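Dear colleague,

Please find below the structure that I am handing over to you, together with its sequence. My findings are set out after it.

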Amino acid sequence: MPSTTRSTFFTYPTKFGPVTIAADGTAVTAVSFGEQNLPGDRQPTALTTEAANQIMAYLAGQRSAFTVPMRPEGSAFQQEVWKAAANIPYGHTTTARALAETLGRPGSFRSVGAALRACPTPLLVPTHRIVTATGKPTNDINAALLKLEQQPLAK
């Protein structure tokens with residue numbers, strides 16, 4: 001159920017460049033690479049700041065998972081895909097075809113790929129762990145994130 005709290009967003013600097021995080025007062029609703037204008041008030045909150053701190057720890061190789069509450073909006077199918085993607089372990093990859101098979105929908109790999117691209121909370125939902133059929137990351141940011149995940153976690 002959506003929160004009645006006003007939506008907020010704020011952009012935080014990271015070693016991968018700015019990351020804009022939106023929240024509805026109870027959960028993170030969007031994560032965007034770059035400086036973005038999202039719906040709501042531009043102001044940091046405890047929730048967006050906690051999400052930013054977790055993201056910065058992840059990017060520093062000090063964290064492998066996120067614990068901030070999140071509520072990405074999407075269709076039932078998209079939610080199913082994002083939940084499956086969230087179960088891909090840190091440092092591992094799979095393909096949209098394999099993820100579709102995991103979901104019991106082997107013919108829907110193109111729809112799975114579209115759902116992953118539509119995810120409003122990439123990084124928190126590790127959509128970067130989905131690679132092409134030849135094992136290549138789908139873009140430069142995903143390649144950098146996967147390279148990061150191949151390093152041992154810092155203490």
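Predicted model: local features only at pLDDT ≥ 70, side-chain atom pairs only at ≥ 80, totals over all residues.

Residues are numbered from 1 along each chain as its sequence is written, and side-chain values use heavy atoms, with hydrogens and water left out.

Overall fold

The protein contains five helices and six strands; helices (H or I, at least four residues) and strands (E, at least two) are DSSP runs, numbered from the N terminus. Their order along the sequence is β-β-β-β-α-α-β-α-α-β-α. The C-alpha trace spans about 40 × 35 × 25 Å along its principal axes. The radius of gyration, taken over C-alpha atoms, is set against a globule rule of 2.2 Å times the number of residues to the power 0.38. For 155 residues a compact globule would have a value near 15 Å, and the protein, with 15 Å, agrees.

Of the 155 residues, 44% count as buried. Buried means under 20% relative accessible area, exposed over 50%, and partly exposed in between (1.4 Å probe, protein chains only). Among contacts (heavy atoms within 4.5 Å) with a separation of 6 or more, 59% are made by residues 24 or more positions apart.

Strand β1

Four of the five residues of β1 (residues 8–12) are buried, so this strand is largely enclosed by the rest of the structure. Two strands are said to pair if DSSP finds at least two bridges between them. With β2 (residues 19–23), β1 pairs in the antiparallel sense over five bridges, and Y12 stands opposite V19 in β2. These two strands form a hairpin with six residues between them, and G17 in the turn has a positive phi of about 105°. With β4 (residues 41–42), β1 pairs in the parallel sense over two bridges; there, T8 has D41 as its bridge partner.

Helix α4

Which residues of α4 (residues 109–117) are buried? They are F109, V112, G113, A115 and L116. Seen down the axis of α4, these buried residues fall within an arc of 160° and so line one face of the helix; the arc is that of the directions from the helix axis to the C-beta atoms. R110 and R117, on the other side of α4, are exposed. The cover over the buried residues of α4 includes α2 (76–86), α3 (96–102) and β6 (130–131).

With kind regards
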